Amino acid sequence: MKPLASRSLMAALAVAFLVVPLFAGTFTVSLLNEIGIGALVALGLVLLTGVGGATSFGQAAFVGIAAYASAWLTTAHGMSPWLGLPFALLLTGLSALAIGMLTLRLGGHFLALSTIAWGLSISMLFGNLDALGRHTGLSGIPPLAIGGWSLMEPRAMYYLVWTVVGLGFLFSRNLLDSRPGRAIRGLRGGATLLASVGADAYRLRLSLFVTAALLAGLAGWLYAHMNRFVSPSPFSVHASIEYLLMAVAGGLGSLAGALVGSGLVLALKNVLQDVLPWLTQRSGQLDSIVFSALFIALLHFARGGLMAFVRRWRRRHGAGRPAPAHAAPARPLPNRAMPARGTPILSVQGAVKRFGGLVAVNDVSFDLGAGEILGLIGPNGAGKSTMFNLLTGTIPMTSGRVRFLDRDVSGMRQLEIARLGLGRTFQHVKLRPHMSLLDNVALGVHARTRPSILRAGLRLDREEERRILHEARRQLDRIGLGDRAHEMAGSLPLGTQRILEIARALASDPFLLVLDEPAAGLRRQEKLALGNLLRRLREEGMTILIVEHDMDFVMNLVDRLVVMNFGSKLVEGAPAAVRADERVQAAYLGGTA
Amino acid sequence: MALFLEMSAAPRALRWLLFAGASCLSIAAWGADLKVGVISSLSGPVSALGIPYEKGIRAAHARFPEVAGHRVELVVLDDASDPATAARNARKLVNEDKVDVLVGTSGVPGAMAIAAVAQELKTPLISPTPVSLPGPDHDWTVVASQPFELMVSAVVRRMKAEGVGTVAFIGFSDALGDLAYECLVRSAGELGIAVVADERYARGDMSVAGQVLKIIGKRPDAVFAGNSGTPGALPYLELANRRYAGRIYGTHGLINADFVRVGGRSIEGLEVPSGPVLVAGQLPAGDPIREASMAFRASYEKLYGAPPTDAFSAYTYDAYLVLADAAARVRGDAQPGTPAYRQALKDAIVSTRELAGTHGIYNFGPDSRYGSDERAVVMVRMEGGQWKLAAQPAPPR
Amino acid sequence: MTWDIALILGIDGLANGAIYLLAGLGLVLIFSVTRVVFVPFGDIAAFAALSLAAFEAGRVPPTIGLVVFLAAAALLTELGSLVRKGEGRRIPRALLLWGGLPLIPCAIAWAAARAGAPAPVQMIASVLLVVPMAPLLARVVFQPIADASVLVLLIVSLALSFLLSGLGLLFFGPEGTRTSPLAVGSLSLGDGVEVGGQVILMVGTAVVLSGLFFLVFERTAMGKSLRATAINRVGARLVGIRPARTALLAYGYASLLAGFIGILIAPVTTMYYDSGFLIGLKAFVAAIIGGLVSYPATALGALAVGVFESFASFWSGALKDAIVFSLLIPVLMARSYMARHHEEEIEEIDQ
């Protein structure tokens, strides 16, 4: 859709939203309020589950914590409902922090089940505390009031609810379009990917979890002062499942999916309630059957939810992507000073790695000086990949030392080593297929700037963001992909993807670039291009370590070679000498050549 | 199999067409209809109560399709046992369907939610579920049911008469359980009976072995269960399993045929309070409650083909009776569908005097939401699969 | 808490745990072959139990109608896909398989509902009646979206569970039932502790069924092909195993397990239209403790959950579930630590 058409559509929607309460009955307005509250919770789910990859069956518990907190404060202590908001958010945030710290290190299915566990426990707690009215709950909660004007009427609450919803969406959109947002969008790529750019996946996930919980908390506060009574049943696991259904039905792939999903589910239930009694007397029992059947049918036609369906339809009808905004000039980020040629960069001393009884790396030592390209080669099973992982801190060493830039990094995690200036690529390319080339490379800049989620959401990070994108564009130009900055990374052929990964590693301004089998699966032309790129980088002063299989590629490129076999170092030296060495020939060819 | 034939497409579409045609005709027709909005839990955990409620009011509607010269139209909505949905339904009924009176719902939190909406939208509400609404802020609600305390204190008096000194409580971990426990503690305290245990379980639980073991460990003279429906049979089954020899009591929530079936031999001798309608045939002749109850049973049997096996459906029948009686006394010339009519109707409801229903004789007033007195409770005992009127305390075991 | 109380609680816990064990095995079986967390498993068990109750009450269980409807739906789906793939010559076979085979249990059930069939016949009829349910549901609901992400499959599974429990409410009403016990009498373990005959039957059947389970998986070709598909779908296809067919087999076995569970617990537990959800949830817990891959760990997890639950109910009946689930978290942490997976990339969501 052309920008003008989409802008006027947005404007029309905005006007419609503003005037709806003036024409619609209070029931419709109440329904819209409920849709808004549901949209807030679903928004948190789109962020947490859709973007962050952590399925949560416990969001309703956070809604409940906030609702009960504010209800308790305003009924038992007679305080103003506006004070209930910070109190509710504080309580919700702290609970989310505690629960997250306990459970977010769990992986996959364990995490999902843990959300059921605490979701259930918390909602049970509500029904068993005397102070919270046990199972009858708390009623007579005072409504909100601005000045003298009470917000008890659904029409009045409508504006507040939808203002909050709008702010929530703005915050989320700003968040995703920023440095922490880029890292959050990288969560599905795995902790290793994020660690390689210096981002802590666990902390990101924790912040995301708390953010989603706070969104649910906002919804809870609104719920309490809109309905003016709270009881345990709307905050049970069933309610959490319903929020998840909303998010999935609307589409986990886009923020609008939360709104669409919430509207779809609640409106559908309402319509069924109206229509079914015409068809049969037993409508009460048919509601859930028809609803579930329609829901399943929806997912059959649109697996990614309604919004995914809309996006596909728009693309098919030639909507095309919006033209990217012209890049604003920005001050470049400070670069690290490269050490003089020859200074020792990396020093591996006696590295040993044992996996149970198997010794994968057996007392390997070598050095690497600034400005040179070192190749680490060997036949299959030589232990190259394991050595690589030891260097980068992906797996811990059994014994031995590694020194990087005069620091002992032997026990450090990959994350920390990356931040010290080690950029790496992966044997199986780890790009984010649905992010643009620019964004993928910008992910590499992560460790060089600082804006947090809060600043990003409030749009206070525009300066840093410009600098990040400037740097990312610079790296893209360096590898020759500058004119394709806004294409999706998933559409690139393998060779180009590998080069893009190198750009991402370069974007972190490393002292040392470590490449894991970069030539694997490349065609001849691509290999030539890669070789040229690496040579150019060396001229610019970069130090490179390549782990590779392909002898031809490596021979014309590297300054020195280290050959490994059966976990031990076989020889080390200039390429020509190594090639002529009998032991190397025996290792590769299995006998005297 | 019959159900599927009932629901197959062709006859349903035909009914839809006929209904649509008929309503088009009737819209133009008569004077204002009296619209009654009914909210009940037809699905979800409280549906065991909600479904009989719907049946009861339809039986009443079948018996009295016209009230005070107005045709009555029932609009029934399901709240799926969720209080927020109940409140939303109440709003919908008043704002969109323009009902003149609300009846509902079948769970205490839901009923309280509707009461708040009824108060805000100034529509009379007749609740068949006992709710506690303290203060003068809820004068648009009346309750067509015995207060829970009334029922529980009847049981406790019977306990005292049968020589019980200590009683253990086991009930649902929900609003009903809380209510039953509070009433038990209050009544037992007044009569000097000690409550020695407070055990709870969820409706869906498959076993209460732990809870019952704890109770037996305290050796109470009697066990009182605060629960309802077939999940209510679980403690009695387990007590029988553990060969408990003391007396057993319960609430009126246990009165339905499925409970009796599931409870089997373990509930022999169980004593519960009940509205008189349950044992209508055993009431003395000439009792106005007996008349109303027999009429209810006849109407129910005519509509559903079998007499009622529970006492819940009678509550909404009574609600309809209250409504009909009040509508006949509405003063002024306000028409149904107007706020003035709702106000007049509410005034008439609140001034009901000596109305004989199936669950007692109703007298409403401005001070209290309830209209029942001691005539609304009788004690019944389970004997051989039947509920028998137990006017006298049981002999010692 | 004395020893005999602990014993009673332990036995009660084991009995419940035996049920969760069987249900957990079924869940893991289906997940490992199809990546679907089959939440409606519990609902199918509930249907078996409620159908048996209907038989005992002399009524024709509406489950028959449901199975017929599902068979028709599956047949149409299969015919539609065959026509679209242009494999018209396989239509007669499809008719027989999808239209004919599921009707056999229906016919048996129809006969059993008539004039006083003996109890064992009724029980077998109940179990057989629900066996077609999971495969038919899978054909209609899951097969068309078989390559969707695990999350979408889970959500569809949840929706299906709601649908089935709604149908249960429609067919069987809101009140629960118990069927007559299969084994009366009890075994005395001395000191006033008695173990009911039904409980012994439950635990015994669980042991036998899980033993059979392991045997089938280890010894028969069919079991091995199921395991192969679970480990590597593409590899299995390369050696001539058809994933879709093994998936249906898995669903069928699971349905059979569910049927057994249903008739085993019906005499000792009041079964409601929504009992399935709770059974499914506890089974899910056990399955996750087993990492959704390991049967022995699932079995242990199930028994542990059952026993924990029993003791927790003694401690506080109202908070029993909260206690069990809170204790679950450290167990999950331990389990997650032990199952240190290096492949931590998360599936992309469907676009």
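The model is predicted.

**View 1. Two domains of chain B meet.** Ten residues of domain 1 of chain B contact 14 residues of domain 2 of chain B. On the domain 1 side of this contact, α3 (47-63) and α5 (108-121) of chain B each supply at least two residues. That side of domain 1 of chain B comprises seven nonpolar residues, two polar and one charged.

**View 2. The six-stranded sheet of chain B.** The sheet is open. Its strand order in chain B is β2-β3-β1-β4-β5-β6, and the pairing is mixed. β2 (66-67) and β6 (141-143) of chain B are the edge strands, each pairing on one side only. Strands of a sheet pair through backbone hydrogen bonds, either parallel or antiparallel.

View 3. β2(B) pairs with strand β3 (residues 70-78) of chain B in the antiparallel sense, over two bridges. Opposite B:Val67 stands B:His70 in β3(B). Helix α4 (residues 83-95) of chain B packs on the sheet. This helix touches β1 (34-40), β3 and β4 (101-104) of chain B. The direction of α4 makes about 170 degrees with that of β1(B).

**View 4. Two helices cross in chain C.** Helix α1 (residues 3-34) and helix α13 (residues 275-289) of chain C pack at an angle of about 70 degrees. Their axes are 8 Å apart. At that angle, α1(C) is roughly perpendicular to α13(C). From α1(C), the contact takes C:Ile19, C:Tyr20, C:Leu21, C:Ala23, C:Gly24, C:Leu27 and C:Val28. They meet C:Ile279, C:Lys282, C:Ala283, C:Phe284, C:Ala286 and C:Ala287 in α13(C). By class, the contact of α1(C) with α13(C) has eleven nonpolar residues, one polar and one charged.

**View 5. Chain A against chain B.** Chain A brings 25 residues to the contact, and chain B brings 26 residues. On the side of chain A that touches chain B, α2 (26-51), α11 (256-279) and α12 (283-301) of chain A are the elements that give two or more residues. α12(A) gives the most, with five residues. The classes on this side of chain A are five nonpolar, 17 polar and three charged residues.

Definitions and conventions
Residues are numbered from 1 along each chain as its sequence is written. Chains are lettered from A and ligands numbered from 1 in the order in which they are written. This is a predicted model: local features need pLDDT of at least 70, side-chain atom pairs count only at pLDDT 80 or more; totals for chains, interfaces and linings use all residues. Two residues are in contact if their C-beta atoms, placed from the backbone, lie within 7 Å. Helices (H or I, at least four residues) and strands (E, at least two) are DSSP runs, numbered from the N terminus. Ala, Val, Leu, Ile, Met, Phe, Trp, Tyr, Cys and Pro count as nonpolar, Asp, Glu, Lys and Arg as charged, and the others, Gly among them, as polar. Axes are lines fitted to C-alpha atoms, for helices over the stretch in contact, and angles run from 0 to 180 degrees between N-to-C directions. Angles under 35 degrees count as roughly parallel, over 145 as roughly antiparallel, 65 to 115 as roughly perpendicular and the rest as oblique. Two strands pair if DSSP finds at least two bridges between them.
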